[in-house]
Amino acid sequence: MKSLKLIIAAVMTIALVGCNSVTGLKNFADCKFKFNSVSNVKLADIDLTNKKSYSNFKLTDLATLGVAYAKKELMLDMNVNMVVNNPNEQPAQLDGMDFILWIDDEKMLDGTMNQKVKIEAGEDAVVSLPISMNLYESIKDKKINAMAEFALGLATNKADNSRVKVSVKPFFTIMDKTIKFPSYITIGGDEIMPKGK
């Protein structure tokens, strides 16, 4: 995180306003990130929470999936949750983050979360990344039942960092200038994940 701290130091020497914001971002550089869970998994707007396999889908669910598959718009929605620990004596805050979603070590999605996050001094907070992706485009070589089983695996097997990982690059906007972490932070078992891009 040394490069980020150098960026922050340079900004602080120039900026006469927004000092609290700069401090909040600097504090975020010291935070520790940990994968927590995957929740609220839906496929074509069908809640998968209580379904264990493809055979648990109702006829109406199968009809909905069939229509979505035919349209090549089989949307998978979920929250990827991470715990962020702020060890500082002041709050850590940011305006959002760029992210990359990985499932089974395959890059599935690039995105940006434009949501302010603030973590009080010495506290942990669960930060949720809302994910929405077209599963058909991501694994279009699969049949509809295989896609459904893929999504069910995320919902019912308590997907952990052996399957789901996220790389995040937090950012803050000060005086119309966006300051980003210099590289991505990968949350989960990141032995083969890229450290920066």
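A salt bridge here is a side-chain nitrogen of Lys or Arg within 4 Å of a carboxyl oxygen of Asp or Glu. By that rule, a search of the whole structure turns up six salt bridges. Please keep in mind that this is a predicted model, in which local features need pLDDT of at least 70, side-chain atom pairs count only at pLDDT 80 or more, and totals for chains, interfaces and linings use all residues. Residues are numbered from 1 along each chain as its sequence is written, and side-chain values use heavy atoms, with hydrogens and water left out.

**The open sheet**

- Four strands make up an open sheet with antiparallel pairing, in the order S2-S1-S3-S8. Helices (H or I, at least four residues) and strands (E, at least two) are DSSP runs, numbered from the N terminus, and two strands pair if DSSP finds at least two bridges between them.
- Strand S1 (residues 32–43) pairs with S2 in the antiparallel sense over two bridges. In this pairing, Leu43 is opposite Ile46 in S2.

**Salt bridges across the chain**

- Lys51 and Asp61 form one of the salt bridges, with their closest N and O atoms 3.1 Å apart. Lys51 is in the loop between S2 and H3 while Asp61 is in helix H3, so this pair ties together parts that are 10 residues apart in sequence. Both Lys51 and Asp61 are buried (buried means under 20% relative accessible area, exposed over 50%, partly exposed in between, with a 1.4 Å probe and protein chains only).
- Lys116 and Asp95 meet through their side chains in another salt bridge, at 2.7 Å from N to O. Lys116 belongs to the loop between strand S6 (106–113) and strand S7 (117–119), and Asp95 to the loop between strand S4 (92–94) and S5, so the pair ties together parts that are 21 residues apart in sequence. Lys116 is exposed at 66% relative accessible area, whereas Asp95 is buried at 13%.
- Asp105 makes a salt bridge with Lys165, and the closest N and O atoms are 2.9 Å apart. Asp105 is partly exposed at 33%, but Lys165 is buried at 4%.

**Aromatic rings and nearby charges**

- How many aromatic pairs does a search of the whole structure find? There are two, counting rings of Phe, Tyr and Trp (its six-membered ring) whose centres lie within 6.5 Å, with planes under 30 degrees apart called stacked, over 60 edge-to-face and the rest tilted.
- Tyr54 and Phe57 form a tilted pair, 5.6 Å centre to centre with 55° between the planes. Tyr54 is partly exposed at 25%, while Phe57 is buried at 6%.
- Tyr69 and Tyr136 form an edge-to-face pair, at 5.2 Å centre to centre and 75° between the planes. The two residues are 67 apart in the chain, with Tyr69 in helix H3 (residues 59–70) and Tyr136 in helix H4 (residues 135–138). Tyr69 is partly exposed at 25%, and Tyr136 is buried at 13%.
- The charged end of Lys51 sits over the ring of Phe57, 5.4 Å from its centre; a charge sits over a ring if NZ of Lys or CZ of Arg is within 6 Å of the ring centre and within 35 degrees of the ring normal.
- Arg163 lies over the face of Phe150, 5.5 Å from the ring centre.

**Around Asp98**

- Asp98 belongs to strand S5 (residues 96–103) and is buried, with 12% relative accessible area.
- Its side chain makes a polar contact with the side chain of Lys180 at 2.6 Å. A polar contact is a pair of N or O atoms within 3.5 Å; within protein, one must be able to donate a hydrogen and the other to accept it, and residues adjacent in sequence count only if both atoms are side-chain atoms.
- Leaving out residues up to four places away in sequence, Asp98 touches several residues, including Gly111, Thr112, Phe171 and Tyr184 (contact means heavy atoms within 4.5 Å).

**An exposed loop residue**

- Glu89 is in the loop between strand S3 (75–85) and S4 and is exposed at 80%.
- Glu89 and Gly122 are 33 residues apart in sequence, yet 6.4 Å apart in space from C-alpha to C-alpha.
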